[in-house]
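Please open the structure in the viewer and keep the selection panel at hand.

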Amino acid sequence: MDWTEISVEVGADRIDDAAAIANMTVPYGIYIEDYSDLEQEVLEIAHIDLIDEALLRQDRTKAKIHLYIDPEDNIGEAVQFLRERLTAAGIAYTIDQSSVKEDDWLNNWRRFFRPMPVGERLLINPSWFTDTDPKGRLILNIDPGLAFGTGKHETTRLCMEALERCVKGGEKVLDVGCGSGILGIAAVKLGAESAYGVDIDETAVRTANENADVNGVKDRFTAVAGDLVEKVTGKYEIVVANIVADAIIALSDAVGDFMTEDAVYIVSGIIDTRADDVRQAVRDNFEIAEENTLGGWYCFVLRKKQEGRSMTTDH
C-alpha cells in the first residue's frame, strides 16, 4: 500500500519549533527543506560541486517539513495533531498531503543531504558521494534511512562538538536513543575504545548497525533494541543522550548507575523552553560542566556530583 506524505510549510524563522512538533508526530524521522542559509553552506563546502541550480532558486523565507505516514496509521489524527500544536505555538502554516510509494519516499531526502563539516574534526558525508575531499577531517559516512540522525539538526551537531572535547582516547561510550548511530560512530572515530547504542526503535537499531559497518567500526560499535535498564550493563566513561527533555528528565535518577565516577553525561534534544526543567531535574545527581546552545536548542555536559569538586559552566 502507498504511504501518505504530509508537507508542512512554515516561515523559515519558525522551522525549529515546527520541526520539534513534527518529530512528535511520527516515530521514524522527518526531513526538512530549509534554504535560508544556503549561501553559507555553499561557502563551507565550496570545494564540492553538489548544489543544484533548482535549489538556489528556492524561496529563502519559507521552509518545508516532510513527514510520512504508514498506511496502517491514522492520517487524520496526525494532521489534526499538527494543526492543533502549530496553532497553539502561533506558527503560521500550510499543510498538503499526497500518496507516495515507499521506495520513492525512502530516497527523497537524498536530494537535500550533502557533505557537512561539524566542529573542528568531523565531516558527515553521504555514502553515495565517493569523491569527497575531507580536508583533513574524519569522515562519517551516514545513511540515516528511517532513523533520526543525519547530523544536520542542531542537537546532533552540539553533541558531536561535545564529543570532540570529551573523547580523549580509550573510553567506553554509551549512546542512549542512538538513532542512526551517528554519535557512537563519531565517538569511535574520535578515539573511543568502543560505543554501545540502545534505542527502542528496531528500525533505528538496524540502521545504526549498518552505518557502523559502512564506517568500518562494526567491531567497536554495537546497537541493540530496548531501553536503558533492559539492555545496558557495566560502566561507561561517556554517556550521550540526544533525545527529548522529558526522556532526559526520566533518566536522571537511573543513568548514573551506568557511569564511572569521573564520567561525563552529554544530553541534548532540549528546546530552549525546556532547558530550566532539565536543569532542575538533574541538579540532585549532576553538576553542569558546560551549557552550549545553537538555534534555540541546548546541550549540557554533566558530571556526577562529588564532594569537594566545584564545576565551572560554559555558555
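A residue is called buried when its relative accessible area is under 20%. The model toured here is a predicted one.

Begin by selecting Ile15, which belongs to helix H1 (residues 15–23). Is Ile15 buried or exposed? Its relative accessibility is 6%, and Ile15 therefore counts as buried. Next, display the surroundings of Ile15: apart from neighbours within four places in sequence, Ile15 contacts Val10, Ile32, Asp34, Ala63 and Ile65.

Turn now to the aromatic rings. How many aromatic pairs does the structure hold? There are 2 aromatic pairs. Select Tyr265 and Phe286 for one of them, a tilted pair with a centre-to-centre distance of 5.4 Å and an angle of 45° between the planes. This pair joins distant parts of the chain, since Tyr265 is in strand E12 (residues 259–271) and Phe286 is in strand E13 (residues 286–294), 21 residues apart. Tyr265 counts as buried because its relative accessibility is 1%, and Phe286 counts as buried because its value is 3%.

Finally, select Tyr298 and Phe300. Their rings form an edge-to-face pair, 5.9 Å from centre to centre with 70° between the planes. Tyr298 has a relative accessible area of 19% and is therefore buried; Phe300, with a relative accessible area of 0%, is buried as well.

How values were computed: Residues are numbered from 1 along each chain as its sequence is written. This is a predicted model: local features need pLDDT of at least 70, side-chain atom pairs count only at pLDDT 80 or more; totals for chains, interfaces and linings use all residues. Side-chain values use heavy atoms; hydrogens and water are left out. Helices (H or I, at least four residues) and strands (E, at least two) are DSSP runs, numbered from the N terminus. Buried means under 20% relative accessible area, exposed over 50%, partly exposed in between (1.4 Å probe, protein chains only). Contact means heavy atoms within 4.5 Å. Rings of Phe, Tyr and Trp (its six-membered ring) pair if their centres lie within 6.5 Å; planes under 30 degrees apart count as stacked, over 60 as edge-to-face and the rest as tilted.
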